[in-house]
Amino acid sequence: MILKNNEKIKHYTAKGIWGERCLHDYFEQHVKDRPKATALIDGPDRARFCEGEARRFDYQELDRAIDRLAHFFASLGLGREDVLVSQLPNPHQGRDNHGAY
């Protein structure tokens, strides 16, 4: 079954698979509830992809990094409906990119 975006939303919402909240809503709530809880840890194979030590990020740090990147994208003229393709060597940079759109 191939559905367009609006049809997908209606279909999955009607079946109870999707709720009213989006992923970023859950993330923002988690930032408020547990800002210092660990959100992301670089994998043990980090050295294969980039320099430096493996890092841990709490939800507050992750939220700030996402905001910085979102502002940078906006300064380039990118908006909510624009598509951005990126390839990053550093695993933790990928999480910022995903959150910023």
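**Close-up 1. Asp-58 and its salt bridge with Lys-36 in the predicted model**. Asp-58 is buried, with a relative accessible area of 10%, where buried means under 20%, exposed over 50% and partly exposed in between (1.4 Å probe, protein chains only). Asp-58 forms a salt bridge with Lys-36, and the closest N and O atoms are 3.7 Å apart; the term requires a side-chain nitrogen of Lys or Arg within 4 Å of a carboxyl oxygen of Asp or Glu. Lys-36, by contrast, is exposed at 61% relative accessible area. Because Asp-58 belongs to strand 2 (residues 56-58) and Lys-36 to the loop between helix 2 and strand 1 (38-41), the pair ties together parts that are 22 residues apart in sequence; helices (H or I, at least four residues) and strands (E, at least two) are DSSP runs numbered from the N terminus.

**Close-up 2. The aromatic pair of Tyr-12 and Trp-18**. This pair is tilted, at 5.0 Å centre to centre with 45 degrees between the planes; rings of Phe, Tyr and Trp (its six-membered ring) pair if their centres lie within 6.5 Å, and planes under 30 degrees apart count as stacked, over 60 as edge-to-face and the rest as tilted. Tyr-12 is partly exposed at 27%, and Trp-18 is partly exposed at 39% relative accessibility.

**Close-up 3. The aromatic pair of Phe-27 and Tyr-59**. The ring centres of Phe-27 and Tyr-59 are 5.8 Å apart and the planes stand at 50 degrees, so the pair is tilted. Tyr-59 is buried at 16% relative accessibility.

**Notes.** Residues are numbered from 1 along each chain as its sequence is written, and side-chain values use heavy atoms, leaving out hydrogens and water. In this predicted model, local features need pLDDT of at least 70 and side-chain atom pairs count only at pLDDT 80 or more, whereas totals for chains, interfaces and linings use all residues.
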